Amino acid sequence: MRVDEATEDADLAALRGRAIQILRTNNRGGYTVPTDNLYPFQWNWDSAFCAMGVATFDVQRAWDELDSLYTGQWTNGFLPHIVFHQVVDSYYPGPDVWGADHVPRTSGISQPPITATAARFILARAGDDRASRARAAALYPKILALHDWWDRARDPEASGLVGVLHPWESGADNSPVWDRPLEATPATTTVFHRRDVALVDAAMRPRQWEYERYIYLVELYRGLGWDDARMWAQTPFKVADVGLNAILQRDERDLLALAERFGTPAEQQRLSERAARRRKGLERLWDEEAGAYYSLDLVSGQSLKIASHASFLPLWGGLDDPGRAQRLADELQRWVDLCAFGAPTMAPDSPEFDQRRYWRGPVWAIVNWMLGDGLARHGCGELARRLRADTRRLIQRNGFCEYYDPLSGEGLGGDTFSWTAAAGLAWAFD
Ligand code: DGY
């Protein structure tokens, strides 16, 4: 072994050790908070990514993470984006604002579904042992119920595309892609007190303008009793987000693999048919002339012709056409080449790019993980390696932050962040 290789191994071992420590510190007894204070509960997709990170050092704890998340599942299969396991007042909007009728208390919107992908990942890490097979078999019907909910509640017309009814449901809260549909969304008249901007520089967070609409939507749906059909019919915000649909596609494929082991032939058949419908749905978001996937506003019927990191997530979802994968990779490479650290969440030469503001430009380790994995699966290994190396460099220089400035590398948002640690353990330091 060469000296520089030995140094790199020692660095990676130290980074792994630090990542494990973060995930242990953020464990609140069976579930992981994204970070202390700023996010003091269990968040849906954060938790699924954390489960994969935890699986690299404690498989049973990884299953506990997913089980704990599913204690928030409603009887209709819906899995909320937050499970409020404990009373903490450092977060707004808390359980009373959501007014959802469930124990433990929860929010009323969902988040990108990653739990089937996480369950398969944990099974593989466990070497498919008996204990893990039993845990996966017990979880499988709950994940199936979640996917049936997405299909029924968020694609009631069986178009093959699901719609998100709140920007938070996409996971990319303040992406510039939501600017237009949010302009058509009223602001709340309630006076509310944000806690996030007391904990993090306001220039790194969504603007007040957006929050007023986020809260309007929560209040509207609470008033509709969180009834899926009434929400779908009455919302001013309904978007077929390319990111959510691509992530759903991947999770559904992983669910089908679980169904082949733990499900019935009828469930397998249902999931295979749904997969075909989803592929056709995603195809409607492809713009051949632009060579890009764009989200679709389901209220106005307009394509939202703004590319973001989500436009590349079909690589994670799985593409049949290698030529199209290469076109996506070439454009992403162009974005990365304009930065010191890839991948930015918006094109650095686009008017909406804001290098420090949450989902309007910064680099996120979990996004790099999904893009890197997708690129590698489609034969674009060089760019995948670049994203992995950039993720390591960012963490090495600036710690396990929530997100990073793509131009300077500065760590932004919350620190000692769980899913950044998980992305390191399960992907970037692997
Ligand atoms: C937040 O509060 O910032 C979350 O992303 C939405 O749940």
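1. Start with helix α12, residues 265–283, in this predicted model. The helix has 19 residues, which at 1.5 Å a residue should span 27 Å.

2. Which residues of α12 are buried? They are Glu-267, Leu-271, Arg-274, Arg-278, Gly-281 and Leu-282. These residues cover an arc of only 85° around the axis, so they sit on the same side of α12.

3. Now turn to the face of α12 that points away from the buried side. Pro-265, Ala-266 and Lys-280 are the exposed residues carried there.

4. What do the buried residues of α12 pack against? Three helices are partners: α6 (130–154), α11 (242–262) and α13 (314–317). Strands β5 (286–287) and β6 (292–293) are partners too.

5. Next, the ligand. Around it are Tyr-39, Trp-43, His-81 and Tyr-91, together with Trp-168, Asp-173, Arg-205 and Tyr-358.

6. For Tyr-39, an N or O atom of the side chain is 3.4 Å from a ligand oxygen. For Trp-43, the corresponding distance is 3.1 Å. For Asp-173, a polar side-chain atom lies 2.5 Å from an oxygen atom of the ligand.

7. How much of the ligand's accessible area does the protein cover? On its own, the ligand has 230 Å² of accessible area. The protein covers 96% of that.

Terms used. Residues are numbered from 1 along each chain as its sequence is written. This is a predicted model: local features need pLDDT of at least 70, side-chain atom pairs count only at pLDDT 80 or more; totals for chains, interfaces and linings use all residues. Side-chain values use heavy atoms; hydrogens and water are left out. Helices (H or I, at least four residues) and strands (E, at least two) are DSSP runs, numbered from the N terminus. The expected span of a helix is 1.5 Å times one less than its number of residues. Buried means under 20% relative accessible area, exposed over 50%, partly exposed in between (1.4 Å probe, protein chains only). The arc is that of the directions from the helix axis to the C-beta atoms. Contact means heavy atoms within 4.5 Å. A residue is near a molecule or strand if one of its heavy atoms lies within 4 Å of it. A polar contact is a pair of N or O atoms within 3.5 Å; within protein, one must be able to donate a hydrogen and the other to accept it, and residues adjacent in sequence count only if both atoms are side-chain atoms. Accessible areas come from the Shrake-Rupley method with a 1.4 Å probe; for residues, only the protein chains shown count as cover.
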